[in-house]
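Please consult the sequence and structure shown here.

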Amino acid sequence: EELSGGYTFAGATEAVENRGCVHAYVRSGAEFACVEVSGKDPCVAVLVDLESFGCGAQSLLIAGVHLPVGDCAGRRQQILQRILALDCVGPERVLLLGDMNVKDDAEVKRLCARLDVAEARYNGFSWGVRENKFYEDMAYHGSGMRKDRMLFGHKVWAEAHLVGQGKQFFDGVEFCLSDHFGLMI
């Protein structure tokens, strides 16, 4: 409801393996079309008309994902490859973003090389941060991980910043809104 004033709901899908969902919203007034993605892939994709932002007659494919967790780097790569293969704008005008559940920076470097995309890096960690006690019984005790990532094609430039790291307070209780901190792209 808080998003409805400035954004239009574009779509949602279930990320079955992760017990979550992926939602996509587009700024109100922007022209966009939903793009059909394989029903088994945890992804919502939209084709945004950049002309509605004054950027000329071009389009940009934006795909939000919630990829499988664990030792399945190959499966994560296959899902991203299927998204890049969508016949919309070509892989050079695409943003892939979301909870990619990658294990480390080495996996991301391999993904970028194999998919011919670049990563928008950010300082800090989006998941597993000690200050985020979203789950009382969290088993991870490291300094944090960058599970949330943003990859982009060669005709796109993006920067990523960690946001939403503040705690919420309600009825004398302190909590974080999610087990992940957000990324602003």
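Does Cys-72 count as buried or exposed? Cys-72 counts as buried, because its relative accessibility is 11%. The model discussed here is predicted.

## Cysteines

The structure contains zero disulfides. Cys-72 takes part in none, and the nearest cysteine sulfur, that of Cys-43, is 16 Å away. Cys-88 is likewise in no disulfide; for Cys-88 the nearest cysteine sulfur, that of Cys-43, lies at 10 Å. With a relative accessibility of 31%, Cys-88 counts as partly exposed.

## Largest pocket

Several strands each supply at least two lining residues, among them strand 4 (43-49), strand 5 (59-66) and strand 6 (94-99). Strand 2 gives the largest share, seven residues.

## Second largest pocket

A volume of about 470 Å³ belongs to the second largest pocket. Of its 17 lining residues, Asn-18, Arg-19, Trp-127, Tyr-135 and Asp-179 lie nearest the centre. The lining divides into five nonpolar, six polar and six charged residues.

## Cavity

One cavity of 30 Å³ or more is present. The largest cavity has a volume of about 40 Å³, and its lining includes Leu-61, Ile-83, Cys-88, Pro-91 and Val-94.

Notes:
Residues numbered from 1 in each chain as written. Predicted model: local features only at pLDDT ≥ 70, side-chain atom pairs only at ≥ 80, totals over all residues. Heavy atoms only, no water. 1 Å grid on protein atoms, 1.4 Å probe; cavity = no way out; pocket = protein on both sides within 12 Å on 5 of 7 lines; lining within 4 Å. Points joined across faces, edges and corners; volume = space filled by probe spheres on them. Disulfide = S-S within 2.5 Å. Buried < 20%, exposed > 50% of the residue type's maximum accessible area, 1.4 Å probe, protein only. Helix = DSSP H or I, 4+ residues; strand = E, 2+ residues; numbered from the N terminus. Nonpolar A, V, L, I, M, F, W, Y, C, P; charged D, E, K, R; others polar.
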